[in-house]
Amino acid sequence: MEKLFKLKQNKTNVRTEVIAGLTTFMTMAYIIMLNPNLLTNFNTGSKLWNGVFLATCIASFIGMMVMAFWANKPFAMAPGMGLNSFFATVVANILAMNIAGIGSYEQAYQVALCIILIEGAVFLVLSLVNVREKIVEALPLGIRLGISPAIGLMLLNIGFGSNNGIYSDKGGPFYMLAHFFGALTPDTAQKNIGSGYSTMVLSVAVTFIGLFIIVILAHHKVKASVLIGMLCASVLYWVGQVNFLNTDPFAPLKDASFVPPFADMAETTLFKFNFTGFMEIGWFTVVTLVITFCIIDMFDTIGTLVGTASRANMLDEKGKMPQMKEALTADAIGTLAGAVTGTSTVTTFIESASGVEAGGRTGLTALVTGLCFLACMFLAPVAAIIPPAATSSALIYVGILMFSGLKKINFDDMSQVLPVAIMVIAMPITSSIGHAIGLGLICYSVFQLFTGNWRKVSILTYVLSLIFLLKFFIIV
């Protein structure tokens, strides 16, 4: 292990790395079931759903193995949120085009996989020839320093908001801050949330208890504080389910199949590229979609890598991360693996920050997380019993720590303050790391251009700003 991952050089050990890998897995295990739900319009039990489920596990595992053994970084990868929803929209639009030979959602899905294949190939080439690394270097120092606190606020928003979405007879989703704390009185909250009120109360209580367990353990220098806090929160939630909600927390384990549906995957998604239909959707549409996927994925990945690495003190004095090229290549290979197996773009997850906070510093963390994803091909129902309240505790804690990165910003320098402030507010609102970085770049470039400092800005920074302007107002 020492020779493979250079544990002593990175001031860590096997125990810490394993705990960090398990922590990262628990915070992002939701994607294993949610990704096939989103990509198949919640058509659970279908052959396509089974294929996407396996593709999610396998592509994530492949990407993380490259991250572990080549880049030696503690970052986890999986089909990206937002990108998977956009992919599902693209599939629906392709189906609506009434192209001859595309008469089902599955056939349209196989057309869209061709777009992901092209995106992955483009990214692999750009990574190998260092273009993506040059783009990272073109980001102004202020923006690089601001990515971490912006992601922190985004994690806080997820932990307090969308991660604890509750559905009931009144509809939904209902969120912790908006619909529970946002109500004037408990009676109003109960009336608005309906039958989901008891679940909301349990989620709120468990989230805060789990958060304080993590904070107190971390204060006493317990390295496994995040993982222990999540486990305690999970147990509390399960007890609450039995005693207050009268539901069985382990119901997903009953009558569950632990045999991976490889036959369904082979029939629906594995190497199932519909190039005939792809050629008929039009070159302009193809180019537009590829550019859109590339822009979103590129800056989501760059933002996650830079922001998380900043929190882990992996950046040098110039704000650069060693072996960035290898980490970006792992992302590209993960996307190619996703296209081949049958899922949308694979990208680096911001939940990696939870593992980094647990002490993960090397590829061993990514290896452990990847093995957990691979095991979920056989143990998917086990991942399904981790309650959102437990992961919210971890995300809120890590978000608070990352938000503290604002102290590195020079608040007397408006060229730093302006783009960072825009990023910090834009990231949680748009739920997109890439879009927030784009807005920050545009603000930085415009400010420098009209204050006489335009020569201090690299040509590539101006080019990136222009690309984002086109993306926002033309490509959409």
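# Exercises on packing and burial

Gly334 touches Ala59, Gly63, Met77 and Val346, if residues up to four places away in sequence are not counted; contact here means heavy atoms within 4.5 Å. The structure is a predicted model, in which local features need pLDDT of at least 70 and side-chain atom pairs count only at pLDDT 80 or more, while totals for chains, interfaces and linings use all residues. Residues are numbered from 1 along each chain as its sequence is written, and side-chain values use heavy atoms, with hydrogens and water left out.

**Exercise 1.** Determine in which helix Gly334 has its place, and whether Gly334 is buried or exposed.

*Solution.* Begin with the secondary structure, where helices (H or I, at least four residues) and strands (E, at least two) are DSSP runs numbered from the N terminus. On this basis Gly334 belongs to helix H16, residues 324-341. Next comes accessibility, for which buried means under 20% relative accessible area, exposed over 50% and partly exposed in between, with a 1.4 Å probe and protein chains only. The relative accessible area of Gly334 is 0%, so Gly334 is buried.

**Exercise 2.** How are H3 and H4 oriented to each other, and which residues make their contact?

*Solution.* Take the axes as lines fitted to C-alpha atoms, for helices over the stretch in contact, with angles that run from 0 to 180 degrees between N-to-C directions. The axes of H3 (residues 31-39) and H4 come within 9 Å and cross at roughly 135°. Angles under 35 degrees count as roughly parallel, over 145 as roughly antiparallel, 65 to 115 as roughly perpendicular and the rest as oblique; H3 and H4 are therefore oblique to each other. On the H3 side the contact is made by Ile31, Ile32, Met33, Asn35, Pro36, Asn37 and Leu39, and on the H4 side by Trp49, Val52, Phe53, Thr56 and Cys57. For the classes, Ala, Val, Leu, Ile, Met, Phe, Trp, Tyr, Cys and Pro count as nonpolar, Asp, Glu, Lys and Arg as charged, and the others, Gly among them, as polar. The contact of H3 with H4 then has nine nonpolar, three polar and no charged residues.

**Exercise 3.** How many of the nine residues of H3 are buried, and what covers them?

*Solution.* Go through the helix residue by residue: Ile31, Ile32, Asn35, Pro36, Asn37, Leu38 and Leu39 are buried in H3. That makes seven of the nine residues, so H3 is largely enclosed by the rest of the structure. The cover over these buried residues includes helix H2 (14-28), H4, E1, helix H5 (83-96), helix H6 (105-128) and helix H18 (363-384). In strand E1 (residues 77-79) lies Ala78, which at 0% relative accessibility counts as buried. With its neighbours within four places in sequence left aside, Ala78 is in contact with Met28, Ile31, Ser60, Thr345, Val346, Thr347, Phe349 and Phe373.

**Exercise 4.** Describe how H20 and H21 pack, and work out the classes of the residues in their contact.

*Solution.* Helix H20 (residues 414-430) packs against helix H21 (residues 433-449) at an angle of about 155°, and their axes are 8 Å apart. H20 and H21 are therefore roughly antiparallel to each other. Among the H20 residues that make the contact are Met414, Leu418, Ile422 and Met427, and the H21 residues include Ile433, Leu439, Tyr444 and Phe447. In the contact of H20 with H21 there are 14 nonpolar residues, five polar and no charged. The loop between H20 and H21 holds Ser431, which has a positive phi of about 55° although it is not a glycine.

**Exercise 5.** How many residues has the largest nonpolar core, and which helix gives the largest share of this core?

*Solution.* A nonpolar core is a set of buried Ala, Val, Leu, Ile, Met, Phe, Trp, Tyr and Cys residues joined through side-chain atoms within 4.5 Å. The largest one has 144 residues, and those with the most contacts inside it are Phe25, Ile32, Phe87, Tyr109 and Phe299. Its largest share, 15 residues, comes from helix H4 (residues 47-71). A second, separate core of seven residues includes Leu202, Ala233, Leu245 and Ala389.
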